[in-house]
Each structure stands twice: as structure tokens, then as C-alpha cells.
Amino acid sequence: MNTEQPQTRRLLVDGVQALVAGRREQARNLLMQCLEHDERNAEAWLWLSGAMDEKDDVQVALENCLNCDPHNEQARQGLDWLQTKYKV
């Protein structure tokens, strides 16, 4: 994970803060910028899944999180929830 770079870390933190504040579009933009700097950032993928509006986009973000961190329990639970809710 390349979150040690100050710019990458700042984008992640700002994206999370935007999401928590309910500014989903801003959060998506910031988290996507973070991922442009570090596409293997599991934390950014996980938070991005919460900022997405479409089920398929949520699923892709969670799958990407698991590709980066196969032991991420939150991403696994998110995919399980999607499968249950949408019978994927």
C-alpha cells in the first residue's frame, strides 16, 4: 500500500471525511484520485464501495479490495450482503 505518500494519504483521508459527511460524489472523486496514485490501496477500495450508487460498482470495488487484501473481512461481509440482497 502506497498510503505513505502524503498526497495519497491526504486524498484517502479527505475522501473518507467526505463520505462520512454525506458528500458521496466528492468522496467518489477523492477516492478515485487516491486509487490513481495507488491502485492496490485496499482501504480506498473499501471506502469507495460505500460511496457508489450502483450495485455493480459496489461489487467491483469490494472485489478489488479483496484482490488487494484477501483477508479483508469487511469486504467479504459486504460481498456476502450483496449476494444475499440481490441473489447474485
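These legends go with close-up views of a predicted model. Local features need pLDDT of at least 70 and side-chain atom pairs count only at pLDDT 80 or more, while totals for chains, interfaces and linings use all residues. Residues are numbered from 1 along each chain as its sequence is written, and side-chain values use heavy atoms, with hydrogens and water left out.

**View 1. Helices α1 and α2 pack against each other.** Here you can follow helix α1 (residues 6-20) beside helix α2 (residues 24-37), with an angle of about 160 degrees between them and their axes 8 Å apart. Helices are DSSP runs (H or I, at least four residues), numbered from the N terminus. Axes are lines fitted to C-alpha atoms over the stretch in contact, and angles run from 0 to 180 degrees between N-to-C directions. The two helices are therefore roughly antiparallel, a term for angles over 145 degrees.

**View 2. The contact between α1 and α2, residue by residue.** On the α1 side, look for Q7, T8, L11, L12, D14, G15, V16, A18 and L19. Their partners on α2 are R24, Q26, A27, L30, L31, Q33, C34 and H37; contact means heavy atoms within 4.5 Å. By type, the residues of this contact divide into nine nonpolar, six polar and two charged. Ala, Val, Leu, Ile, Met, Phe, Trp, Tyr, Cys and Pro count as nonpolar, Asp, Glu, Lys and Arg as charged, and the others, Gly among them, as polar.

**View 3. R9 and E43 form a salt bridge.** Five salt bridges are found in the structure, each a side-chain nitrogen of Lys or Arg within 4 Å of a carboxyl oxygen of Asp or Glu. In this one, the N to O distance is 3.6 Å. The pair links distant parts of the chain, with R9 in helix α1 and E43 in helix α3 (residues 42-51), 34 residues apart. R9 is partly exposed at 34% relative accessible area, and E43 is partly exposed at 30%. Buried means under 20%, exposed over 50%, and partly exposed in between (1.4 Å probe, protein chains only).

**View 4. R24, R28 and D53 join in a network of salt bridges.** D53 meets R24 at 2.9 Å, N to O. D53 lies in the loop between α3 and α4 (55-68) and R24 in helix α2, so the pair ties together parts 29 residues apart in sequence. D53 also pairs with R28, with the closest N and O atoms 3.4 Å apart. R28 lies in helix α2 too, so this second pair ties together parts 25 residues apart in sequence. D53 is exposed at 54% relative accessible area, whereas R24 is partly exposed at 31%.

Key:
Parallel < 35°, antiparallel > 145°, perpendicular 65-115°, else oblique.
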